[in-house]
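Open the model in your viewer and keep the selection tool ready. This tour goes from one selection to the next and says what to look for at each stop.

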Amino acid sequence: MTNLTERERGFEAKYSFDLEQNFRIEAHLYKKLAVWAGDEMGMTEAESQAYAAKVIGDVIANPQENGVISVILADFGRHNIDMTVSELNRKLEALRPIARAEVLEE
């Protein structure tokens with residue numbers, strides 16, 4: 001029975017590790033998207049970083065489905081930048097492998 005218990009603990013540890021890793025990748029991905037959006041709105045690098053922190057903070061404070069996308073899309077509208085949800089989702093998916101690689105390098 002101890003072998004089975006040890007296996008279960010191993011699976012639970014792996015599952016927990018994978019969940020944490022995926023969370024870190026998603027958080028980094030959304031930050032990269034927000035920094036990119038800041039650049040698109042003509043912000044400096046420092047302003048883009050601050051904008052990303054603000055967007056992530058807003059989404060954490062008011063969680064909703066597609067939160068980061070919704071906030072960025074609204075900000076693009078305020079800056080008269082023509083962007084659709086599908087275009088933002090394409091950019092998000094283009095950034096996903098980059099964000100994953102950067103997190104896994106840490």
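Select Lys14 and Asp18 in helix H1. Being four residues apart in that helix, they are separated by about one helical turn. Helices here are DSSP runs of H or I with at least four residues, and strands are runs of E with at least two, numbered from the N terminus. Lys14 forms a salt bridge with Asp18, and the closest N and O atoms are 2.9 Å apart. A salt bridge here is a side-chain nitrogen of Lys or Arg within 4 Å of a carboxyl oxygen of Asp or Glu. Lys14 is partly exposed at 48% relative accessibility. Asp18 is also partly exposed, with a relative accessible area of 29%. The classes are buried (under 20% relative accessible area), exposed (over 50%) and partly exposed (in between), using a 1.4 Å probe and protein chains only.

Before going on, note what you are looking at. This is a predicted model, where local features need pLDDT of at least 70 and side-chain atom pairs count only at pLDDT 80 or more, while totals for chains, interfaces and linings use all residues. Residues are numbered from 1 along each chain as its sequence is written, and side-chain values use heavy atoms, leaving out hydrogens and water.

How many salt bridges does the structure hold? There are seven. Side chains of opposite charge can pair when their charged atoms come close.

Select Glu102 and Lys32 next. Their side chains meet in a salt bridge, 3.5 Å from N to O. Glu102 lies in helix H4 and Lys32 in helix H1, so this pair ties together parts that are 70 residues apart in sequence. Glu102 is partly exposed at 31% relative accessibility. Lys32 is partly exposed too, with a relative accessible area of 22%.

Now move to helix H2. Asp58 and Lys54 both lie there, four residues apart, about one turn of the helix. Their side chains meet in a salt bridge of 2.9 Å, N to O. Asp58 is partly exposed at 32% relative accessibility, and Lys54 is partly exposed with a relative accessible area of 46%. Then select Glu26, Glu93 and Arg96. Salt bridges that share partners join these three into one network.

**The nonpolar core**

Select Leu33, Ile72 and Phe76. These residues have the most contacts inside the largest nonpolar core, which has 21 residues. Such a core is a set of buried Ala, Val, Leu, Ile, Met, Phe, Trp, Tyr and Cys residues joined through side-chain atoms within 4.5 Å. Which elements give two or more residues to this core? They are H1, H2, H3 and helix H4 (85-105). H1 gives the most, with six residues. In soluble globular proteins, nonpolar side chains tend to be buried together.

Stay on Leu33 and show its surroundings. Leaving aside neighbours within four places in sequence, Leu33 is in contact with Val68, Ile69, Ile72, Leu88, Lys91, Leu92 and Leu95. Contact means heavy atoms within 4.5 Å.

Select Asp75 in helix H3 (residues 67-78). Is Asp75 buried or exposed? Asp75 is buried, with a relative accessible area of 8%. Beyond its neighbours within four places in sequence, Asp75 is in contact with Met41 and Tyr51.

Go to Ser48 in helix H2. Ser48 counts as buried at 1% relative accessibility. Not counting residues up to four places away in sequence, Ser48 touches Val35, Gly38, Asp39 and Met43.

**The largest pocket**

Select Phe23, Glu26, Ala27, Tyr30, Ile56, Val59, Ile60 and Val68, which line the largest pocket. Helix H1 (2-40) and helix H2 (45-61) are the elements that give two or more residues to this lining. H1 gives the most, with four residues. The pocket has a volume of about 170 Å³. On a 1 Å grid over the protein atoms alone, a pocket is an open set of points where a 1.4 Å probe fits, with protein on both sides within 12 Å along at least five of seven lines; lining residues have an atom within 4 Å of a point. Grid points are joined across faces, edges and corners, and the volume is the space filled by probe spheres set on the points.

**Last stop**

Select Gln64, in the loop between H2 and H3. Gln64 is partly exposed, with a relative accessible area of 48%. Draw a C-alpha to C-alpha line from Gln64 to Glu6: they are 38 Å apart in space and 58 residues apart in sequence.
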